[in-house]
Protein chains: 2
Amino acid sequence: MKLGRLNHVGIAVPSIAVALETYKSLYGVSDDEITPTREMPEQGVKVAFVTIPNSQLELIEPLGDASPIHKFLEKNPAGGQHHVCFEVPDIYTARDAMRAKGAMIMGEPRIGAHGTLILFVHPKNSHGVLIELMETPKGSH
Amino acid sequence: MKLGRLNHVGIAVPSIAVALETYKSLYGVSDDEITPTREMPEQGVKVAFVTIPNSQLELIEPLGDASPIHKFLEKNPAGGQHHVCFEVPDIYTARDAMRAKGAMIMGEPRIGAHGTLILFVHPKNSHGVLIELMETPKGSH
């Protein structure tokens with residue numbers, strides 16, 4: 001188990017549409033550097049990615065009453081950094097290695113916003129940081 | 001003004017030494033991927049960088065009673081994601097462009113942990129995310 005590329009920084013926001021206006025007007029992000037906003041009902045979120053030269057920002061907005069993002073936004077009403085995502089070659093190998101060292105994996109691996117398997121490691125294992133691991137998309141990099 | 005490379009994600013921790021043990025034992029970071037821990041008394045922090053293939057994590061520990069990190073750790077005792085740092089070609093050009101658009105720049109540009117000029121943009125301008133801008137180190141990338 002070894003951390004690979006920093007695939008993205010996950011940022012929770014009350015409104016992706018409003019946040020994208022900020023990234024465009026204040027930080028010079030262009031329309032072709034923004035993915036369409038996608039609904040992921042099974043995860044209770046909407047997401048859009050902002051391309052940065054060497055990585056991405058994932059903007060996350062709650063979707064539905066049961067969204068896990070509501071609690072985060074209650075604590076941080078303006079929004080804030082939610083998680084950091086690193087790539088790994090194989091999600092099951094990473095899961096088993098982490099579990100063998102006593103880490104708490106949250107749920108089973110599932111398909112994430114990039115179409116590859118992801119999992120989340122509990123923040124208590126990483127000094128308060130919620131870490132996502134995702135399989136490197138095939139053919140990328 | 002346009003966001004450049006994601007230079008690092010800043011992570012506040014109660015103890016850099018303890019956090020580094022976690023990154024080594026759980027996430028496979030090797031000793032040569034960790035910079036020596038440096039004291040930056042004028043900023044009230046100690047910092048160490050963990051190299052990731054395409055970016056870095058900056059671990060930040062409070063230094064001194066007046067450290068700005070104490071307040072963050074009061075709210076997040078285990079630690080957590082503190083800021084995101086993007087590179088820009090020229091810090092004064094970036095500052096002036098941001099100010100012209102109404103952003104609140106926190107203090108004047110100063111030398112950061114990488115030896116180049118940095119500034120911080122108030123989180124209220126970026127939906128709760130504290131954003132650091134730093135001049136790209138000469139000769140890098």
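Two strands are said to pair if DSSP finds at least two bridges between them. Strands (E, at least two residues) and helices (H or I, at least four) are DSSP runs, numbered from the N terminus. The model is predicted: local features need pLDDT of at least 70, side-chain atom pairs count only at pLDDT 80 or more, and totals for chains, interfaces and linings use all residues. Residues are numbered from 1 along each chain as its sequence is written, chains are lettered from A and ligands numbered from 1 in the order in which they are written, and side-chain values use heavy atoms, with hydrogens and water left out.

In chain A, strand β1 (residues 6–12) pairs with strand β5 (residues 80–88). The pairing is antiparallel and spans six bridges. Within it, A:H8 stands opposite A:C85 of β5(A). Both strands belong to an open sheet of eight strands in chain A. The strand order is β2-β3-β4-β1-β5-β8-β7-β6, with mixed pairing. Strands β2 (38–40) and β6 (105–111) of chain A form the edges, and each pairs on one side only. On average, neighbouring strands of this sheet are turned by 25 degrees against each other, direction ignored. Axes here are lines fitted to C-alpha atoms, for helices over the stretch in contact; angles run from 0 to 180 degrees between N-to-C directions.

Helices of chain A also touch strands, contact being heavy atoms within 4.5 Å. Helix α1 (residues 16–25) packs on the sheet and touches β1, β3 (45–52) and β4 (55–62) of chain A. Its direction makes about 150 degrees with that of β4(A). Helix α3 (residues 91–100) of chain A lies across β5, β6, β7 (117–121) and β8 (131–135). It runs at about 175 degrees to β6(A).

Chain A also meets chain B. Here 47 residues of chain A are in contact with 46 residues of chain B. The buried area is about 3700 Å². This is the accessible area (1.4 Å probe) that two parts lose on being put together, summed over both. Carbon and sulfur atoms give 61% of it. A:Y27, A:Q81 and A:H127 supply 22% of the area that chain A buries against chain B, more than any other three residues.

Two salt bridges cross this interface. Each is a side-chain nitrogen of Lys or Arg within 4 Å of a carboxyl oxygen of Asp or Glu. B:K2 forms a salt bridge with A:E33, with the closest N and O atoms 2.8 Å apart. On the side of chain A that touches chain B, the elements giving two or more residues are β1, α1, β4 and β5 of chain A. β5(A) gives the most, with six residues.
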